[in-house]
Amino acid sequence: MALRNTFVRPFYLSLLHANFRRPDRADGSGIRQAIVNAANTISDEQIERLLIEREWRGRLCAAWFIGLSKRTRFVNLIGKLLLASEMVYSGQGYCVALGLVGGEHCAGLLRSYLNAYLPLNGRVYNQNWAIGALAHIEAVPAPEFLDQALWRHDDYFMDPQNGIEEFSRIISYLYQNHMIHDAS
């Protein structure tokens, strides 16, 4: 319970949909710095405990903390959790983690997810987050995933370009607000 009170409850609503960017969640409460501090202080063991628990809030927070602190040791587990798509909302965090850690392996995991979950076929999960994270890693949208037919099911349609643009806005916000830094 102490783990959840310290690293989940104060953050999950702000991390969900990257809500920390909303004007009504302005930094008057210090949420941005609190998120960064949490990402830098949570231990690997605590992250692992949040990820193995079947609960989306803890998984969402853990994944964001992995990405913000670029903890590569969790990449394979995050990839497996993303592909399993067991929990609502937690996939957002998995995509953020993979996008922020970056590199060829993370791009491959995002590609595997998109290959598994496109076309939509009624499965509206985190495809927009995944295409955004992949475009961030590769610096260009992956053309094989941009076919509009992949993103439509009956009357429902997701726009991959919106996912790419929104993910880019999130990354820009993180840099502008010193929540992440270039490695150089």
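This briefing walks through the overall fold, the cysteines and one glutamine of the protein above. The model is predicted, so local features need pLDDT of at least 70 and side-chain atom pairs count only at pLDDT 80 or more, while totals for chains, interfaces and linings use all residues. Residues are numbered from 1 along each chain as its sequence is written, and side-chain values use heavy atoms, leaving out hydrogens and water.

**Overall fold**
- The protein has ten helices and two strands; these are DSSP runs, helices being H or I with at least four residues and strands E with at least two, numbered from the N terminus.
- Reading from the N terminus, the order is α-α-α-α-α-α-α-α-α-β-β-α.
- Along its principal axes, the C-alpha trace spans about 45 × 35 × 30 Å.
- Of the 184 residues, 48% are buried (buried is under 20% relative accessible area, exposed over 50%, partly exposed in between, with a 1.4 Å probe and protein chains only).

**Cysteines**
- A search of the whole structure finds zero disulfides, a disulfide being a pair of cysteine sulfur atoms within 2.5 Å.
- For Cys-61, the nearest cysteine sulfur is that of Cys-95, 16 Å away.
- Cys-106 has its closest cysteine sulfur in Cys-95, at 11 Å, which is too far for a bond.
- Cys-61 is buried at 0% relative accessible area, and Cys-106 is buried at 2%.

**A look at Gln-46**
- Gln-46 sits in helix α4, residues 44-52.
- Gln-46 counts as partly exposed because its relative accessibility is 23%.
- Setting aside neighbours within four places in sequence, Gln-46 contacts Leu-3, Phe-7 and Thr-41 (contact means heavy atoms within 4.5 Å).
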